[in-house]
Amino acid sequence: MIPRIYIPGDSGALALGAEKVAKAIRAELAERGIEAKIVRNGSRGAYFLEPMVEVATAEGRVAYGPVKPSDVKSLFDSGFLKGGHHKRWLGAPDKIPFLAKQTRLTFARCGINDPLSLDAYKSLGGLKGLQNAVAMAPLDIVKQVTESGLRGRGGAGFLTGIKWKTVLDTAGERKYIVCNADEGDSATFADRMIMEGDPFVLIEGMTIAGIATGATKGFVYIRSEYPHAVAVMNKAVEVARKAGVLGVNVLGSPNAFDMEIRVGAGAYVCGEETSLLNSLEGKRGVVRAKPPLPAIQGLFGKPTVINNVISLASVPIIMDKGAAFYKDFGMGRSRGTIPIQIAGNVKQGGLFETAFGLTLGEIVDDIGGGTATGRPVKAVQVGGPLGAYFPRALFDTPFDYEEFAKRDGLIGHAGITVFDDTADMLKQARFAMEFCAIESCGKCTPCRIGSTRGVETIDRLAAGIEPEKNLALVTDLCNTMKFGSLCALGGFTPYPVMSSITHFPEDFKPAPARVAAE
Amino acid sequence: MTMQPASTEIQSRTAAIIQELKDLEGPLLPILHGIQEEFGHVPQDAVPVIADGLNLSRAEVHGVVTFYHDFRASPAGRHVLKLCQAEACQSMGSDAIAAKVKQLLGIDFHETTRDGSVTLEPVYCLGLCACSPSAMLDGEVIGRLDDEKIEEIVAEVRS
């Protein structure tokens, strides 16, 4: 048997040198005259171990990581093609604690095989959900998704099935499925990973959504910062078309569904669903007022399902294993699993899919292993640039939509950025306002002007000018932005600002006092 | 009105891109990406051609071009270096990285070196948040930036 070597082609792994490792392995194979097949898989998401190279042995896969090009020679010397021992030896990948502790439903296949091999996809349960769906009435599919309790993983947490029901019930000669892959929140990379590592699961999910709602056309709107994801998705759509997964007869059924990949152009606000729709239509990515809901008048004024990548990629398993299976995971009204992305200053960063309910402390300390710098954790921002900063005192908060809301925070797209004790929360609050000013689409005055005034006011605070008055002004401004903006950009920028002020008041004391305190 | 030769060429190449893509649903962004790929920026002379081809006003096209950070009004340097400045990278010292790169290249964000070798830009998230601080050089991703990697990058863009 020809040995098989798996080297991730995921952009996170590439950023850590996977291409150089692949080159070194190829050179070493040539030099030693060994014939082997190199498979470029996705990433399993344990980025602290990337580039993680795996070999297929008689006893199953054996992983090595993080592999540097300089390790390659000694890996061959240690007989790594047969799983031999080496200082980078990690053993069976699914036994690595970070991966073994996860519950992988949406990411079950991500990182295991060549993402563009439809046969590999099918061999691990792919297309079963779609096969079930083509034999069902649209309303029954919608019911199953609704009963699973799946909520929008983009951040809003709206029940996916209810959205679909509205589109199904709205008459229209043409309907659309739009996948929001404009994953702009810092600390999030789940969408990127699934698109690069298991693109067919997204295609399958979108096709099911099409059949369930009567939509025949889908668009995936991917941000331009993700060129690798764009490339993989484009190729995967081609493969799916050739195999009859997409086309006029989906899997031989009378259902028609096809899709296109579209690329954004660097506007953060286009992650907001209505500005994304405007962008797809070829307009400025300005937010639309709701109502009308996109489900009733969406893309080109037609009924449109607009869902996040992870919401859609979670549908195939629900259609395969059933609503009850999925719903069985989780807590309260947060059902199923959530791919938590642990990022920033953290020792064991990566994607951790698990049922809802872990506490923030368990995620940061136990799974993430604390900070990369080894210093104490000062704050964690949950939910991207529009999410609140949580201090250690709130680490008992369970990962659940409602529990986070109770503590003036949000889960968002489930990204967590860890900061050590060198973080200056005034600076973070200022950045939140600055980011809002850069990215505001300009439609709502509180967001457009308020963010710039916010930066100025925080600068005055930092300079120690009338601190009490300026603190009151920032608070008032946040209140206006929160209630006076149409979308989450202006509406949620107050979360990082106010949480910094509330939980870290010492960072907002006038400058002389701050120096004295240190 | 007489056209400059360069402008005529821009117009004919733009027209070809429009012809290829105009039947897409919502073709403007794909067309603008195509034009930027062709010319390295979206030339002013392309705007009236697009407006004409899609039955839009020039103001509408101008509005779209200027809304998106990606579309350039003038060509970038031979290399484009994007440094992530978002929160996850901030937590790992992206500020210091940016300061160092700016100092080594002698330019600020949104600027191009005098020899035209490199344009420096901030980017807000590359989705490499577990490999911070990160950067993108001509579409290639780089994670866990440190002084050594910065020096390698600077040497590469300068060569």
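This is a predicted model: local features need pLDDT of at least 70, side-chain atom pairs count only at pLDDT 80 or more; totals for chains, interfaces and linings use all residues.

Me: OK. Which domains does the assignment give for chain A?
Reply: Domain 1 (4–100), domain 2 (136–327), domain 3 (330–420) and domain 4 (425–517). The bounds come from an automatic or database domain assignment.

Me: What separates the centres of domain 2 and domain 3 of chain A?
Reply: Taken over C-alpha atoms, the centres are 26 Å apart. The contact uses 20 residues from domain 2 of chain A and 18 residues from domain 3 of chain A; two residues are in contact if their C-beta atoms, placed from the backbone, lie within 7 Å.

Me: Which helices of domain 2 supply that side?
Reply: α9 (190–197), α13 and α14 (323–327) of chain A each supply at least two residues of it. Helices (H or I, at least four residues) and strands (E, at least two) are DSSP runs, numbered from the N terminus. By class, this side of domain 2 of chain A has seven nonpolar, eight polar and five charged residues. Ala, Val, Leu, Ile, Met, Phe, Trp, Tyr, Cys and Pro count as nonpolar, Asp, Glu, Lys and Arg as charged, and the others, Gly among them, as polar.

Me: How do α9(A) and α13(A) pack?
Reply: Their axes are 9 Å apart, at an angle of about 50°. Axes are lines fitted to C-alpha atoms, for helices over the stretch in contact, and angles run from 0 to 180 degrees between N-to-C directions. That makes α9(A) oblique to α13(A). Angles under 35 degrees count as roughly parallel, over 145 as roughly antiparallel, 65 to 115 as roughly perpendicular and the rest as oblique.

Me: Which residues meet there?
Reply: A:Ala190, A:Asp191, A:Ile194 and A:Met195 in α9(A) meet A:Val309, A:Ile310 and A:Ala313 in α13(A). Six of the contact residues are nonpolar, no polar ones occur, and one is charged.

Me: And how do α10(A) and α13(A) cross?
Reply: Helix α10 (residues 199–213) and helix α13 (residues 309–321) of chain A have axes that come within 7 Å and cross at roughly 80°. The two helices are therefore roughly perpendicular to each other. By class, their contact has 11 nonpolar, one polar and one charged residues.

Me: Switching to strands. How many bridges join β7(A) to β8(A)?
Reply: Six, between β7 (residues 217–222) and β8 (residues 258–263) of chain A, which run parallel. Two strands pair if DSSP finds at least two bridges between them. A:Phe219 has A:Glu260 in β8(A) as its bridge partner.

Me: What order do the strands of the open sheet have?
Reply: The five strands are ordered β2-β1-β3-β4-β5 (chain A), with mixed pairing. At the edges are β2 (37–39) and β5 (89–91) of chain A, each pairing on one side only. β4 (residues 60–64) of chain A pairs with β5(A) in the antiparallel sense over two bridges, and A:Ala63 stands opposite A:Gly91 in β5(A).

Me: Last one. How many residues does the contact take from chain A and from chain B?
Reply: It takes 47 residues from chain A and 34 residues from chain B. The chain A side divides into 21 nonpolar, 18 polar and eight charged residues.

Methods. Residues are numbered from 1 along each chain as its sequence is written. Chains are lettered from A and ligands numbered from 1 in the order in which they are written.
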